[in-house]
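Hi,

Here is the structure I promised to pass on.

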Amino acid sequence: MSYIDGFVIAVPTANKQKFIEHAQHFDALFIELGALRVIEGWGDDVPDGKVTDFRRAVQATAEETVAFSWVEWPDKATRDGGVKKMMEDPRMDPSTPGNPPIPFDGKRMIFGGFEPVVEVKA
């Protein structure tokens, strides 16, 4: 079964196009390094919860939209190797000329790796 990396971030709503351009640049690297697919989701129906919710998890303000993304890898070993290579790749450094700047506050991003335990397909 595959392995999933998930990300939730607060992006200034005015930066939606910058977020898309940033994702297009960096998501291509995930694929190059072995990912099967990358999904970038822009919050459309993200309700406020009574105890917790996506917005609170990333401390989103009224001027921000929650983005939810995931990367699907064929397995954890491919993910671990791909992430290691990515961290060493100068194309990941936003200060490298030609790389897009990060259009959100990365300190408020939550992320993690997940082993699928149930999969249902149509």
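Let's start with Leu29, which touches Met86, Arg91 and Met92, leaving out residues up to four places away in sequence; a contact here is heavy atoms within 4.5 Å. Bear in mind that this is a predicted model, where local features need pLDDT of at least 70, side-chain atom pairs count only at pLDDT 80 or more, and totals for chains, interfaces and linings use all residues. Residues are numbered from 1 along each chain as its sequence is written, and side-chain values use heavy atoms, with hydrogens and water left out.

Leu29 is one of the buried residues of α1, along with Phe19, His22, Ala23, Phe26, Asp27 and Phe30 (buried is under 20% relative accessible area with a 1.4 Å probe, protein chains only). Helix α1 covers residues 16-32; helices are DSSP runs of H or I, at least four residues, strands are runs of E, at least two, and both are numbered from the N terminus. Those buried residues pack against β1 (3-12), β2 (37-42), β3 (64-73) and α3 (76-88). Just after α1, Gly34 has a positive phi of about 115°.

Leu29 also belongs to the largest nonpolar core, which has 10 residues in all, including Phe7, Phe26, Phe30, Trp73 and Met86. Such a core is a set of buried Ala, Val, Leu, Ile, Met, Phe, Trp, Tyr and Cys residues joined through side-chain atoms within 4.5 Å. The biggest share of this core comes from α1, with three residues.

Enjoy!

How values were computed:
Expected span 1.5 Å × (residues − 1). Buried < 20%, exposed > 50% of the residue type's maximum accessible area, 1.4 Å probe, protein only.
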